[in-house]
Structure formats: structure tokens, C-alpha cells
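Reader: I have a structure open and would like to go through it piece by piece. Can we start with a helix?

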Amino acid sequence: MSSTRMPKWADVLLVPLFSLLIAFAISALVILAIGEDPVEALVIMVRGSLGSTYGWGYTLYYTTNFLLTGLAVAIAFQARLFNIGGEGQALIGGLGVALVCLFIPWPNWWTAMIAAILASAAFGALWAAIPAFLQAKRGSHIVITTIMFNFIAASVMNYMLSHVLRPPTAMDPATARFDDVLRLPRLHDILGLVGIEFSRSGPANIMLFVALLFCGLAYMLMWRTRLGFEIRAFGQSEPAAHYAGISGVKIIMVAMLISGALAGTMAVNSVMGGPQRLVLNAVEGAGFIGIAVALMGRSHPIGIIAPALLFGFLYQGGGELAIETTIPREMIIVIQALVIMFTGALDNMVRQPLEAVFLRLRRRG
Amino acid sequence: MVADVTGTGMAGAADAAPAIELRGISKAFGPVQANKDINIRVRKGTIHGIIGENGAGKSTLMSILYGFYKADSGEILIDGKPTQISDSQDAIRAGIGMVFQHFKLVENFTVLENVILGAEGNALLKPSKARARKLLTQLAADYELSVDPDAVVEDLGVGNQQRVEILKALYREANILILDEPTGVLTPAEADHLFRILQGLKEQGKTIILITHKLREIMEVTDEVSVMRRGEMVATVKTAETSPTELAELMVGRKVLLDVQKAPAQPGEVVLSARNLKVVDRHGVEKLRGIDLDIRRGEILGIAGVAGNGQSELLEVLAGMIPGTGEVTLLGKPLDLSLKRDNARTRREDSVGHVHEDRHRCGLILDFMAWENIAFGHHNAPEYQKNALLMDNHAILEDAKGKIERFDVRPPNPMLTAESFSGGNQQKIVLAREIERNPDLLLVGQPTRGVDIGAIEFIHKRLIELRDQGKAILLVSVELDEIFGLSDRIAVMFDGRIMGEREPEKTDRQELGLLMAGVTGDAA
């Protein structure tokens, strides 16, 4: 109905924008309450994340994570499947990356990257396949099972890292460092080719472009192929899909496999592109932030790009905040939570007044 | 001219204050003006019909009267006194009772418990139960309103459930009873029974408002009738002084053909043949108990029956949506009823078209645009593909434009979402999709449910045309008029069986009504 009441641009731009402003306003109040200056906090965040190529290097690194996990949630949600398991799927994807990078002597970075993408996608898809199968065949609710699988994934990784993959001499639960050949080209290297100076230390790398490519491919999949048509139809109405002869089991499985694969590939960025070894909790909550990104982006493969950047900014800016002020790092989680709450859960709180405004404008006009 | 827009000139209006008077009621939902300056007077002790097409604003008006919606402007007078009705409690206090189209009963409560629910009047149930039991016995005697007070509601038939709704209203001392499309789920005999009850209530001085889209009912039971069109009250007339044709014209705003014009059928070879077709649902209930039927080229087989007697399952099993057992052949080729190999998609590829009875739930994706809905279900068709990977959206759009034009879908804009079309135009989109594929067999469920009269005419014409092109059509409808108008043969379903087959010229509503109620053969 929304499309008939409000122009599309307002639905896509104004609603998230207003939600964001409200979330920021409340965040400002919280910052005031702990005795800090919210304006100064905002300045620090912007400077720390967007004020230098160093900051951008981190912001875009996080953005890459959120693009892939956001895309994962968005694709599943097109089939009305709420995949909360991006976190676990990305963790297991990390295992795929580590195995490929540790045990196969790759000649160069790009063959390794392709292999790592394939392996992480396969591992992530596998991890999503079990809840998907349980949903498709047994009707176990995907929200419950994917949440459970996050915990199982965390435990599996804990075991693998402390008992199987940890080098005998190392103290911390992490794998050995990957071979230096496998280092992914960072923005410093890529932009250097066209003569743009970029900070050497920011971990943003070629996976940013891979993630953007995936967004484009996902758009093609959803709006130009039969499979996408069927996924969207199934998401809109299960009985209608059944009437059209679309197999629900197939759609649930395929959508969740794609979703899990995308979440898994996020690990290529955070493992190969980041610390160059698999550490405990390599995902750092990016799977959950993907949910917020998808919600804000209306589950549209292109629509999620801006929110992914926003959360990249919040993540990096929040880190700077913790360093430069007495505002604890947890504050950024509060801000993120507020953004998620207003853009996702309380969508109608903003939408309805806006619709009323447009209605009044139209009647007058 | 009998049309009297305000109804104020009605004879006899002077002798007493009307039971209900609405003055200048307006209500808008967003840009849609559902009710526009409605004036109506309902005289005490009469049955007053309100008739209008779907979306004419009947239900909105009654919802305002019952306190579900608040009118933007206007006032309500009960017995001549201005009354504020802001919720259903106010309405009940004002003596208004409502019987909804979809009953609002607690299924696993007894009749008695349902009747006192919300009007217990005491922390202990015993006294109110005793009081209700006494009243129920009395009402049963007075108005043929007999229902076993201790029966559990879910065990009752729809006719009896409806009586419970009426009893609920009477228990709350309603003087004005509003019934919204009360006969949709009833057999003709049950409907007659209901009308007898209403007559009895009227004689006791109760006022009854009957909302319906069935002209026949209006003519049979009402004293006066108000006609609504596009949110406005266009006329209030005495039933005795009007005719169905005139009412139909008032509803639509132009002349309409109520009867379907068609040449005699020229039946050809058998297209679909079913023997001992059975369907058992997920709960193990046998929905089809052995159906035998044949449909030939160039004929329409109409299935009459009260909703819920297996007609939906018959359509769905033939369309490959639900599994069944038995022998069914399509043009001589046996169908896989187990659905191990077949499904709704292969059935379409076998040239079976299916206009699902529930276009909102199944026939359309409401959030998809019209052009996407034109491809829906046929999206695997070769002409819709650009290459092995991609669909040819442009080809689909062009195809949709043609179909939308030929089926006179209004507005003719393929980029609008399906939900933004009216019921009739939505149905035309579905029909355009299914008919233009030239299926050998077309399964049609309730083709004109929730469709305005103008579109009904069009849809009926298209179905006859398809028949005349030598296609076989299986038509399921709860509207007997539609069954009579379109069918070349009529089969009546009751409780998962076909009770009998009749030729439309050699039968009548009474005979079909008995068959629909499960009374067989020669006794009729």
C-alpha cells in the first residue's frame, strides 16, 4: 500500500533519513547524559572515519563486511526468510578461508582469493543449508534455527582454533599467519596504480570491489532471472507461488544457500584482507549488523550500499570515539542499536506521519 | 422516477422517528472517499436493504454505524436522538446488533457460552447462563431460531452458526439488526429459513438492515432499499415500486444486461475425464469422496454447491496444487495425481488454465506490477526469455500491454501494482493471463466474486467466447444465477460428492437447492 500513498523516493530516502535523525538525536541525549559533548563526539567520529585516507581505509574495510552480510540478509528476506545466522555462516566461512590459505600453496594472491571466495561461500552455504532444510522440510522456524547455529558455529570455531588449527607453540587461539604471497591488494596498492595517494595502513582491499560486484549480480539475479522472479514471488505470497507451480522447498533451499554463501564470503575480507590469519571471533558482529543494513536498504541489493557505508562510518568513528574521549566503546553499540531500532523495528512510527503529510499535500495540490 | 436521493420524502416518515437516521456522513481513507455525504432514514419495524457493488461503501457505512470507524463528518440519530457511537459497546447500548459476514464466534465454546460472552453481567456464570438458556428457549419458539444451547459451535453448520450470531444480538437486546451479506455461505433453503426469521423479527417491531449484492434477496424480503454507488447514496426506493433491472442500473450507473446471451453448446471430444477422484487433506479428512465427471470441448460444466463442499479441492487437484487419487485423463493422457512428477507448472504446460477462486491469496501477487502478474505462473515460457540466463522483461511488458488492452483492464497501465486495481480489473488481469494462453481446459473458481456488475458482463462474455472456440471449461461458483447463466450442464456438489447432474433448462433453483443440501434424486 505504501507505494500508493507516498512517492517512491520518499519511501526509499525520507523514511530512513528521518529514522536516522531520530536515532542520532537520542544518541546525542545519551552522550549528554554521560557528561560529554555530542557535537564534539560527532566531529571526532567524522574526522576519525572520513577525515583521512587512513580513516577511510578502515571505514571501507568495515563497509565491505557489511555489504556482504547485508546482501546475505537481503537475499534471504526477498524470500521472506529472516536469516539471523549471518554471523555463524561468516564464522564458518572463515574456516573455509583459513583451510584454503593454510594448506594449499597458492602461486599468487588472486588464485588464492578466488579459491578463498569459493571455499568460504561453500562453507557458509553449508552452514545455512541445515536450518534451510529444517525449515523447508520440517517447518522449523528459520529465525530460531539460524540463531542456534550462530552459537554452534562459535563453539566449533573455538574448538578448531584452540585444538586443531593453533600452531603448537602459539598461546592464543588463532591460526598461523598466511603466506605473504596471499596478501590481498589494499586500496593503497589499487589506487596507487591510478596515481591516487592512499594510506598504507587501512585494511580496505580488493574485496570492496568484489562486494560491490556481488551487489550488482544480486540485483540481476533478483530482477532479471526466473529464479529471482520465483524468489520474490514466493516471498510475497507462498500460496500464490504454490498456485504458480513454484516449489517452496526449492526456493527456501536456494535462497538460503545464496544467503549463506554471501555471508561466508565476508570472511575473505575480514580474514585474508584483515589480520591475515583466522582469529577467534573474526566476524565481530558483522553478521548482525548485516540485518540492520538490509532493513535500512529495504532488502534491495543496491539499496544496501548506502547503509553499509553508514555502518562502516559508525563502526570506525565509534572506535575513534573510544580512543579520544571518555565515551566507552560500548556507546557505539548503543548508537547502532538505536539506528537499528528506528530504521527497522519502528519503521511505521516515521512512515505513518510522513504518509499523512504527503496526503495533506496531495489533497491541497 | 423513483429515485429519492435523501429518502426524506418517504411516505410514512412522519408518523414516527426513524429507527436510524444518518445525516451527511462522510468518511475518507487517504485519497479514497469511501462515504460521501450519506443521508438515509431507516423506518422502525421494516427490513431495509442496502445494495451496491463491491467498494461502493456499504461496509464502511455499517462500520461507522457500529463504531468501528469514526466518520469524518455527519451525525447519527437513533430513534430521533443524536447518538455518539465511538465503539461497538456504544452501538450495543444504542440497541444495534451486527451479524458479520465472517462470524465472530469462539469455535470451541458452546452456543450458550458464546451468547453470554462479553455480556456475562456477573463474576459467576451460573445466573447469566440460566437467564440465557431461558431466553434461547423462548426465542427458538418465537422465531424458528432453534439451536441446541449446549452444542459446541464448531460442530454446527454455517446456518446454525449464523443463528447463534443473531441470538447473541438479541440477547443484548438489539432493536436494530444489521446483517452483512448473510446468505453468502447458505444453501437456498437455509437462506429462506433466515428470511423467515427476519420476517418474524420484523413483526415483533425490530428493524433490520440487510446488506447484500444479490438483487433477488432485496426483491424478496425488503420493504425499502437504498442503493449505493461509489461512496454515494444514489437512491432510496420502495421495493414494491422497483425492479431488479432498475436497481442494477442504479448500482452501476448505466444499462446492464443481467442475462447471459449464448448459443447452444456444440460439445466435441472429451477433454477431461475423472473417475473415482478422491482428495484427503492434511488432517486426514476426505474432501473429495469419489468424483466422476467428463468435460467436452465446447462446453461449460458448472459446479453448484454451498462453499466448502469440496469444490475448491476439485479445482486444486485438477490444477496440480494438491495431491489426490483416482483416474484422471486429460485429452486421453493420464495425469499424475500423486504429484510425484506433476505440479501446478507441468499442469499448465499440459494446457490447463486455472483462474483460482481466491485471486488475492493465489491468483495474483498483489505487490507485483500488472505486467509481472501477466507472466506469473508462465514465467518459464520460452517467449519470455532473452537467453538461457535472463528473462526478457521487455517482451513480457509488451505482451502484458496487449493483454491488458484486449481485456479492457482499467487503468491500462502495466506498471501499476496489482493491488491498486479494483476487484474486477484484478480479475481481468488473471483471466487475460489464463485465457490468452488458449488452454484446452480452463478451471474457473468464483470468476465474479467481488467483481462489479460491469466487469461481470465482460467476464461472462469472454468465458462463452472461449467455450465457442472449442475449449472445455469447468466453472465453480456459489452464485446460482451465474451457474444457470453460463453452464451447459450443471453438477451439484455436496460433502465431497456430486449429488446429481442437471441441464439448466430442465431444472430450477428449488431442485438444485435440495441437491445442494444433500437431498438426493427422486425425492426432489
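This is a predicted model: local features need pLDDT of at least 70, side-chain atom pairs count only at pLDDT 80 or more; totals for chains, interfaces and linings use all residues.

Reader: Which residues in α10(A) are buried?

Author: They are A:G228, A:F229, A:E230, A:I231, A:R232, A:A233, A:F234 and A:G235. That is eight of the eleven residues of α10(A), so the helix is largely enclosed by the rest of the structure.

Reader: Moving to chain B. How many helices and strands?

Author: Chain B has 17 helices and 20 strands. Its radius of gyration is 25 Å, close to the 24 Å that the globule rule gives for 524 residues, so chain B is as compact as a globular protein of that length.

Reader: What box do its C-alpha atoms fill?

Author: Roughly 70 × 45 × 45 Å, taken along the principal axes. Of the 524 residues in chain B, 47% are buried.

Reader: Now the six-strand sheet in chain B. What is the strand order?

Author: The order is β6-β7-β8-β3-β9-β10, in an open sheet with mixed pairing. At the edges are β6 (96–99) and β10 (232–238) of chain B, each of which pairs on one side only. Neighbouring strands are turned by 20° against each other on average, direction ignored.

Reader: What holds strands of a sheet together in general?

Author: Strands pair through backbone hydrogen bonds, either parallel or antiparallel.

Reader: Parallel or antiparallel for β9 and β10 of chain B?

Author: Antiparallel, with six bridges joining β9 (residues 224–229) to β10(B). Within that pair, B:V227 stands opposite B:A235.

Reader: Which strands does α8 of chain B touch?

Author: Helix α8 (residues 244–252) packs on the sheet and touches β3, β9 and β10 of chain B. The direction of α8 makes about 30° with that of β9(B).

Reader: And α6 of chain B, where does that lie?

Author: Helix α6 (residues 188–203) lies across β3 (47–52), β7 (176–180) and β8 (207–212) of chain B. It runs at about 150° to β8(B).

Definitions and conventions. Residues are numbered from 1 along each chain as its sequence is written. Chains are lettered from A and ligands numbered from 1 in the order in which they are written. Helices (H or I, at least four residues) and strands (E, at least two) are DSSP runs, numbered from the N terminus. The radius of gyration is taken over C-alpha atoms; the globule rule is 2.2 Å times the number of residues to the power 0.38. A residue is buried if 20 or more other C-beta atoms lie within 10 Å of its own, exposed if 12 or fewer, and partly exposed in between; C-beta atoms are placed from the backbone. Two strands pair if DSSP finds at least two bridges between them. Axes are lines fitted to C-alpha atoms, for helices over the stretch in contact, and angles run from 0 to 180 degrees between N-to-C directions. Two residues are in contact if their C-beta atoms, placed from the backbone, lie within 7 Å.
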